[in-house]
Amino acid sequence: MRFIQSINWQYLGKIAVIAFAYALGAKIASSIPGVNKLATCVWPPAGIAQAAVLLFGRRLWPGIALGVFFYETLNLKISLINATISAFCGCLQALCAFTLLQQFKFRPSLDRLSDVVNLIFCGAVVATQINCSLGTLRLCLTGLVQWSEYWTIRWNWYLGDTLGVLIFTPLLLIAYQKITARHSPNTRRKTLASLIWRGICLLSLVTVSWLVYNSKSDSHLSGYPLEYLPFPLVIWATIQFGQRGAVLASFLVSSIAIWGGSQGGGPFIAKAITINQSILFLQAFMSVIVVTSLLLAATISERASAEYSLRESEIKYRELVENANSIILKIDTEGNITFFNEFAQKFFGYREEEILGKNAVGTIVPLTDTAGNDLKVLLNNILKNPEEYTTNENESIQRNGTRVWVSWANKPLFDAAGNFAGLLAIGTDITDRRRAEIALYKLNEELESRVEERTNALHETLKALRYQQEQSERLLLNILPEEIANRLKRGDSTIADTFADVTVLFADIVGFTQLSARVSPTELVALLNDIFSTFDNLAERHGLEKIKTIGDAYMVVGGLPITRPDHAEAIAEMALDMQEAIIDFSNTHNQYLSIRIGINTGPVVAGVIGIKKFIYDLWGDTVNTASRMESHGKPGSIHVTSTTYHKLQKKYVFESRGAIEVKGKGMMTTYLLQCRKFI
């Protein structure tokens with residue numbers, strides 16, 4: 001049971017039907033009276049075999065082989081080997097035609113001219129060479145015919161197969177499509193008028209063909225081409241009913257002509273000298289009818305298809321254009337409107353008859369927009385250079401005077417000669433977008449104005465903050481050296497450094513206590529400020545670091561916080577300049593002023609002390625000794641230690657004081673700096 005269920009009964013049924021149809025067609029063709037069984041004038045099985053593989057595929061070749069085999073063995077009584085060879089040749093011919101037509105993308109509907117031409121050439125001319133060549137060769141080899149008859153039999157066999165393909169292959173292809181279309185739900189029912197026309201055409205064709213091809217030849221009519229009388233009816237059927245009419249009319253005329261010729265009737269018998277010549281005339285006639293009707297039907301079908309496609313495209317185009325939610329218009333080279341779709345009519349408020357032929361400027365486009373731009377110049381530029389204006393946006397105007405904005409997509413149109421013929425413009429209403437853009441632009445302007453105001457205010461604030469910062473930094477630099485100030489700003493919490501070699505200077509105004517008793521406090525402070533300000537300038541000029549002032553005392557150091565090798569010389573120059581500055585003050589203020597200066601060189605410790613009103617100060621014996629040099633010095637003199645003396649003796653003139661008693665230090669050899677040496 002499983003074996004029975006696994007059998008493809010549908011496939012086997014198709015093979016059986018093809019085999020039966022092949023054998024039946026061969027039997028009918030060979031049963032016509034007066035027809036040679038070896039080479040009939042029309043061989044329907046050739047057309048049946050090609051139609052079978054074209055409709056159902058090459059895998060149904062066993063049906064063709066069985067049909068040939070059964071016909072050869074049962075009807076012609078030939079051996080099984082010859083029947084097998086004949087079956088092989090028949091299958092090979094059908095499969096060759098199928099393969100060639102598949103290469104050309106053949107469609108069984110025959111609605112293209114290329115399909116008909118390919119069927120005629122590949123199926124009826126080329127592929128039919130196989131069976132006639134191999135079959136005739138087999139007959140000669142087996143002794144059924146003489147070798148001298150090879151070309152005659154081969155030629156008749158070839159013409160029979162060719163006509164079989166030309167007549168029966170299109171007939172079966174179209175008939176099969178008719179059967180499948182009948183079961184289609186979209187099949188339209190034929191009207192009574194259509195059925196009447198079909199009946200009239202069929203009756204006329206059969207009647208005329210029977211009268212022409214089935215009547216006995218008369219000598220006084222034999223000179224006239226009566227055989228072509230049915231030809232206009234075949235053309236009429238082809239034009240009226242397409243491929244089905246062509247193949248059916250060709251089949252009917254050919255069948256009646258063959259039957260009439262076999263009965264000794266028709267015009268071909270009278271015009272032929274021999275029966276072979278008569279058959280040749282008949283075959284030529286049928287070939288002309290079939291080929292002409294098929295080609296004409298395909299041409300009509302292609303034209304009808306093209307007209308249908310064009311009509312459908314036009315309908316779709318009209319629906320698309322008229323129902324589109326876009327403005328679609330055409331303008332010629334002068335700017336006149338030649339097409340105005342329904343949406344454009346509703347949008348602008350014009351009827352088609354009111355707007356066609358009028359210039360776009362002055363109707364749907366104002367002469368100038370609200371910004372003062374000349375829109376007529378813009379339209380002329382677009383028409384002169386359409387490739388540069390594929391898109392543009394401009395202000396438009398409706399019939400009621402409302403100004404709107406439209407975005408246009410432009411496509412240039414050209415005539416058959418390639419000359420510019422106009423412009424197709426598709427527009428989209430962008431009024432809301434433009435109004436939003438204008439509102440947004442105004443809002444942006446307002447925001448930019450506010451931002452500018454706040455930016456200016458912020459710049460002023462930053463400028464004030466920067467000024468305050470500069471003031472704070474300047475004040476900090478007035479209190480601390482720049483290097484120390486930077487370290488404090490970086491976050492150093494404790495600053496204490498040791499410097500191995502610096503020079504410290506102390507200066508004190510002689511008689512300051514007595515002077516303070518003689519002048520007012522304001523004058524005293526002003527005088528002291530002038531003196532110390534001058535000393536500050538001298539310290540800055542010589543690259544020295546002012547440490548502090550205590551009352552009328554002034555302290556300065558060289559060699560820190562940034563070390564320098566000539567710190568002693570710089571202090572010496574500072575001391576000499578201070579003496580000159582005091583002399584100038586005495587002359588300008590009519591006050592006798594004098595200072596004592598003490599200088600010492602050595603190591604010190606420097607750092608910042610305090611958390612409020614902090615100060616950068618120095619510690620160490622060097623500082624104390626420099627202070628002792630100032631307090632033990634003479635008014636108007638520069639008192640230095642021996643350490644400083646040894647650093648400066650080559651460039652400056654000194655006076656030795658010898659060994660003196662210095663408080664807290666004991667006996668020390670000191671010197672008085674006189675002046676610079678002039679070499």
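What does the accessible surface of the protein come to, and what share of that surface belongs to carbon and sulfur atoms?

## Overall picture

This is a predicted model. The accessible surface of the protein comes to about 37400 Å². Carbon and sulfur atoms hold 59% of that surface.

The protein has 679 residues, and 42% of them count as buried. Its secondary structure comprises 22 helices and 13 strands. Take the contacts with a separation of 6 or more: residues 24 or more positions apart account for 63% of them.

## A buried asparagine

Asn131 sits in helix α7, which spans residues 128-142. Is Asn131 buried or exposed? Its relative accessibility is 7%, so Asn131 counts as buried. The cut-off for buried is under 20% relative accessible area.

Which residues does Asn131 touch, leaving aside those up to four places away in sequence? They are Cys89, Gly90, Gln93, Thr136, Trp157 and Asp161.

Why does Glu448 count as exposed? Its relative accessibility is 54%. Exposed means over 50%, so Glu448 qualifies.

## Two residues in brief

Asn131 belongs to helix α7 and is buried at 7% relative accessibility.

Conventions:
Residues numbered from 1 in each chain as written. Predicted model: local features only at pLDDT ≥ 70, side-chain atom pairs only at ≥ 80, totals over all residues. Heavy atoms only, no water. Buried < 20%, exposed > 50% of the residue type's maximum accessible area, 1.4 Å probe, protein only. Helix = DSSP H or I, 4+ residues; strand = E, 2+ residues; numbered from the N terminus. Contact = heavy atoms within 4.5 Å. Areas by Shrake-Rupley, 256 points an atom, 1.4 Å probe, with all protein chains shown as cover.
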